Amino acid sequence: MDKDWLNLSGRYPHEIQYVPPPEQKKEDNIPLDKIVGSLLGLAVGDALGAHAEFRPHNFLQENPVKDLVGGGTWGLKGGQWTDDTSMALCLSVSLIVNEDFYAYDQLVRYKWWWKHGYMSSTGKCFDIGSATRRALEEFTQRQVQLAQQLNVQADVILDNLPKHRVESKKFNADCSSSDGAGNGALMRLAPIPLFFCRSELAATVHAGKSARLTHGDRKAVDVCRFYSLLICCAIKGYSRTELLDDNLYQRAWNAGWFGKESLHEEVIRVAQGSYKKKGGYQDGIRGKGYIVQSLEAALWAFWSDDGLFRKGILLAVNLGDDTDTTAAIYGQLAGACYGVGQIPQEWKDALYAKDFIICLAQWLKYLGHEWMLNSIRMKKASSTG
């Protein structure tokens, strides 16, 4: 499969002549509606909250966000999105191009976004979290050392190294400090469970790996593991009630979906329903940058939305502060649970590069299925070998 159309860093997303995936050769029971819903839900939430980012709760109580508009914090046009979606698209493309999880390549694409505006809605990186920036600075330094080890001089070669060459030098892609507990790993998460949803264990394992690249705190890793499982379950048809069940984590643990590593106690408290507070903001729910609070805020909006995407995502935005990210996190899960049809049509129509995002979601579904079939073939070969 020719993937060069995804490696053109000089083009805006809406300029990319995308290629739809071929028809699935074997039956796949994962609904495309939910895959597309999750990725579009992330982007719509990001765009909806972008113009109100950093606005405090009291300001939004007097001036609530009601629709998708432009202006505000970043001076964006209505429907343009921020770093949340840009990084999610970088992650999506990496999974698609490599047909698997390749940490080094993910970091390369995040670097392209940071340095050159790859997968940005404006052609440049205008917003980046401090933990993500530090991790990418560390990554570029490690790349310099790797280039010396491999005697590679050209950046284009260094950025496109095959996996076996990187692994031959035991390259460490975990570029975050151990105290990186911001929400940057969670805001971009959806492509992981969308690709690996056919295996709950693979979805949680790779979510943790994805987080560690830029956010090394155990709480950040475990929030991503848990939320990846929720999205995975939503795609597989779990109802909203089942997803909000306080006992879901325990059942998932008993089923082995988290491997041998339990979640951090702070994350377990959220999983067991700490977000179920009718007073919302008055009861301590906050749309802040700390990843555990972000998880709690997004799940509070999901718990409070009465099964309506529009209601929940506006609740998430109007908590204030990190408005775009809280809404993007909510949108990942709600979009997977309710499907793309529940996202208001006028918001989808206004979303920047909507058709490109939908195409990436289609590829995630197609190649996620191929990944599963290949995993099955490899297991059979090893058992008979």
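Student: Which residues does Gly-320 touch, not counting residues up to four places away in sequence?
Tutor: In this predicted model, Gly-320 belongs to the loop between helix H16 (309-317) and helix H17 (323-338). Its relative accessibility is 0%, and because buried means under 20%, Gly-320 counts as buried. Leaving out residues up to four places away in sequence, the residues that Gly-320 touches are Arg-55, Pro-56, His-57, Leu-60 and Gly-287.

Student: How far apart in space are Gly-320 and Lys-288, C-alpha to C-alpha?
Tutor: In sequence, Gly-320 and Lys-288 are separated by 32 residues. In space, taken from C-alpha to C-alpha, the distance between Gly-320 and Lys-288 is 8.2 Å.

Student: Over the ring of which residue does the charged end of Arg-55 sit?
Tutor: Arg-55 is one of the residues touched by Gly-320. The charged end of Arg-55 lies 4.3 Å from the centre of the ring it sits over, and that ring belongs to Phe-59.

Student: Is Lys-365 buried or exposed?
Tutor: Lys-365 is found in helix H19 (residues 354-384), and it touches residues including Gln-24, Asp-28 and Arg-198, when residues up to four places away in sequence are not counted. Its relative accessible area is 11%, and the limit for buried is under 20%, so Lys-365 is buried.

Student: Which residues have the most contacts inside the largest nonpolar core?
Tutor: As a general point, nonpolar side chains in soluble globular proteins tend to be buried together. The largest nonpolar core here has 135 residues, and its largest share, 13 residues, comes from helix H11 (residues 218-235). The residues with the most contacts inside this core are Tyr-104, Phe-226, Tyr-227 and Tyr-330.

Student: What kind of aromatic pair do Tyr-104 and Phe-139 form?
Tutor: The structure holds 16 aromatic pairs. In the pair of Tyr-104 and Phe-139, the centres are 5.5 Å apart with 70° between the planes, and since planes over 60 degrees apart count as edge-to-face, the pair is edge-to-face.

Student: Which helices hold Tyr-104 and Phe-139, so that the pair ties together parts that are 35 residues apart in sequence?
Tutor: Both partners are buried, Tyr-104 with a relative accessible area of 2% and Phe-139 at 0% relative accessibility. Tyr-104 and Phe-139 also form one aromatic cluster with Tyr-102 and Phe-171. The pair ties together parts that are 35 residues apart in sequence because Tyr-104 lies in helix H4 (residues 103-116) and Phe-139 in helix H5 (residues 130-150).

Student: At what angle do the axes of H4 and H5 cross?
Tutor: Among the residues that meet are Tyr-104, Leu-107 and Trp-114 in H4, and Leu-136, Phe-139 and Leu-146 in H5. The crossing of H4 and H5 is left-handed. The axes of the two helices come within 10 Å, and they cross at roughly 115°.

Student: What is the phi of Met-119, which is not a glycine?
Tutor: Most residues other than glycine have a negative phi. Met-119, whose place is in the loop between H4 and H5, counts as buried at 1% relative accessibility. Although Met-119 is not a glycine, its phi is positive, at about 65°.

Definitions and conventions
Residues numbered from 1 in each chain as written. Predicted model: local features only at pLDDT ≥ 70, side-chain atom pairs only at ≥ 80, totals over all residues. Heavy atoms only, no water. Core = buried A, V, L, I, M, F, W, Y, C linked by side-chain atoms within 4.5 Å. Buried < 20%, exposed > 50% of the residue type's maximum accessible area, 1.4 Å probe, protein only. Helix = DSSP H or I, 4+ residues; strand = E, 2+ residues; numbered from the N terminus. Phe/Tyr/Trp six-rings, centres within 6.5 Å; stacked < 30°, edge-to-face > 60°. Lys NZ or Arg CZ within 6 Å of the ring centre and 35° of its normal. Contact = heavy atoms within 4.5 Å. Axes fitted to C-alpha atoms, helices over the stretch in contact; angles between N-to-C directions. Left-handed = near helix turned anticlockwise from the far one by under 90°.
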